[in-house]
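Me: I have a structure to go through with you. Can we take it piece by piece?

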Amino acid sequence: MFKFRLNHMKLRSKLIVIYIVCVFIPIILTNVMFYRVTTANIKNQKTADAEQAMTLLQAELRTVIEDAAGISYLYSIDRQLIQHLNTTYASTDRYVESLNAISNLFNRTDKENKIMSSSVIMTDNPTILASGHIIKFEDEMRNQDWYKQISQFSNTHPHLYVTPDSISVIQRLTDRRLETYEHVFKIDLNMNYIRQILDLSSFSGDFYILDPSSQARFGRLSSGTPSKLVTSGQVLTPNEIPKPKQAIVIDKTYQNNRYLSGWSIYGVLDEALILSDVRQSGQFILWFAGINFLVPTLVIVIMSRSIHTRIKNILKHMKSVKDKNFGLIPYHLERDEIGELTVEFNRMSKRIENLINDVYVAEIQKKELELRQRQAQLHALHSQINPHFLFNALETIRMRSMMKGETQTARTIQNMAKIFRKSIMWKSSFVTIREELELIECFLEIQKYRFDNKLEYHIEVDQSLLNIEIPKMAFLPYVENASIHGIENIAGIGYINIQIAQENGQILFVITDNGVGMDQAKISELLHYLEDDSAMGDSIGMKNVITRLRITYGESFTFTITSEPGAGTRILLRLPLENK
């Protein structure tokens, strides 16, 4: 079935299908697969680069915070500083003298640490004067958020405090439960230095710092501006952080560090942004695919036109041959296969024309002559039938009239008149089965009159066949043979049974009698006589009918006869069911 459908396609369509299936689609699939593999590789590479950038950024921030934590640790272990803060001074001079003794500590840290924007020690010692790096620890400071956070922790290590605008390292220098005064050291990191680290980082996405409770305390967008969603009064969870539809999220958590443990840096990359260059190459693939399709298609159309037009011209001339038009195809010395086909067709056309003129026309004339002879023979057979039956009818009436003068004679003459009238009125070679049966009944009534009621008959017919046309007197001769040759020579009552039915698209005519019958030798002799094409002789009934039926139906007509001596005869005719 698939091959049959392919044979219906035009040659040009087949060439285009071959190109699409074998060239275009593989190219597209290759480009698409290459594009997807390249996109996946670039995505993986960009993700790995972003991971590495976040790792470096995490390390740099850790270094900055650890430097600040180191300074706070130095302050926390400096005994002279702690003593200075815990001393209750009786006079200002004594305080100034003690402050000058520790000023080198502050000067050294200020010069060596560019990471700090400020560092102050807050103390509630009332005898200490606020100056430079040491300030009074006011009650309003204790109400601030950073103090509330560090109040939950001990003074053993510094604590990180992050806001949207600042990053601080805070350490309590004393334990208030054990000391008289409370001292807190607070270092604010240099945010310009932090922003410089972020600007120099190769990470190009949004950046957040998350506290141990996974809340964003600091946010910076990829454009370099602070995130407006992260404010002092509002924080974000990772689920609330804005993300593009196709986001690459990188989360780096600090481990094994007391003051950084649980803190993490959180990065969000837009996959569409990092793959924008690759996506632009997708448009190039589309343009390339379009060019790959259009250019070869135009070439195929141009090349196929050279093939299609000439093949169509050959087909046109081949169709004209059936109308006896043997015109030659114009030939321009083409050297391809179609040109060779044109040459061979022109040669074949000339030869066929010569053969028709020399042989076929003569053969047709001979066939027409034979057909006329057949038609003349058929008309002669028709003309032989009517006098044959008329002679039998008249002979029967003559013999019966000599014996008695009864009303049956008038009925017989009436039936004979019907037969004679129908013979005259039937102008066509075909009659309906209804008309044939009327003729058969008239004949059987005449035979009943002849045999003095020694004959009984029964006719059974399929009513749907009554209007079907058959050759004229196709059944009557068999009825005549059954009554004259079968019934006439038996002692008892003769029975003739006629059946007309249809089976498998054929008309079945069956006639049986209980007459004298025939042996096998007689049947063989009869069949040989019916098959013989020689002259018909005197017995023209059955042979006449069989000859006409064979001329009319050819091989579609069959004749069967079965008989046994003393057991009667059965004849079966099969005719095609044709409603002429």
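Reply: One term before we start. Buried means under 20% relative accessible area, exposed over 50%, and partly exposed in between, with a 1.4 Å probe and protein chains only. This is a predicted model: local features need pLDDT of at least 70, side-chain atom pairs count only at pLDDT 80 or more, and totals for chains, interfaces and linings use all residues. Residues are numbered from 1 along each chain as its sequence is written, and side-chain values use heavy atoms, with hydrogens and water left out.

Me: Is E182 buried or exposed?
Reply: E182 counts as buried because its relative accessibility is 1%.

Me: Where is E182 found?
Reply: In the loop between strand 4 (167-172) and strand 5 (183-189). Helices (H or I, at least four residues) and strands (E, at least two) are DSSP runs, numbered from the N terminus.

Me: Which side chains have a polar contact with E182?
Reply: R142 at 3.1 Å, and Y147 at 2.9 Å. A polar contact is a pair of N or O atoms within 3.5 Å; within protein, one must be able to donate a hydrogen and the other to accept it, and residues adjacent in sequence count only if both atoms are side-chain atoms.

Me: New topic. How many residues has the largest nonpolar core?
Reply: 51, and I121 and F207 have the most contacts inside it. Helix 2 (residues 11-77) gives the largest share of this core, eleven residues. A nonpolar core is a set of buried Ala, Val, Leu, Ile, Met, Phe, Trp, Tyr and Cys residues joined through side-chain atoms within 4.5 Å.

Me: What does F207 touch?
Reply: Among others, M54, L57, L61, L198 and F218, leaving out residues up to four places away in sequence. Contact means heavy atoms within 4.5 Å. There is also a second, separate core of 45 residues, which includes L444, I470, F509 and I561.

Me: Now helix 3. Which of its residues are buried?
Reply: In helix 3 (residues 79-86), L81, I82, H84 and L85. They lie on the same side of helix 3 because they cover an arc of only 160° around the axis. That arc is taken from the directions from the helix axis to the C-beta atoms.

Me: What does the face turned away from the buried side carry?
Reply: The exposed residues R79 and Q83.

Me: And what is at the start of helix 3?
Reply: A side-chain oxygen of D78 comes within 3.1 Å of the backbone nitrogen of Q80.
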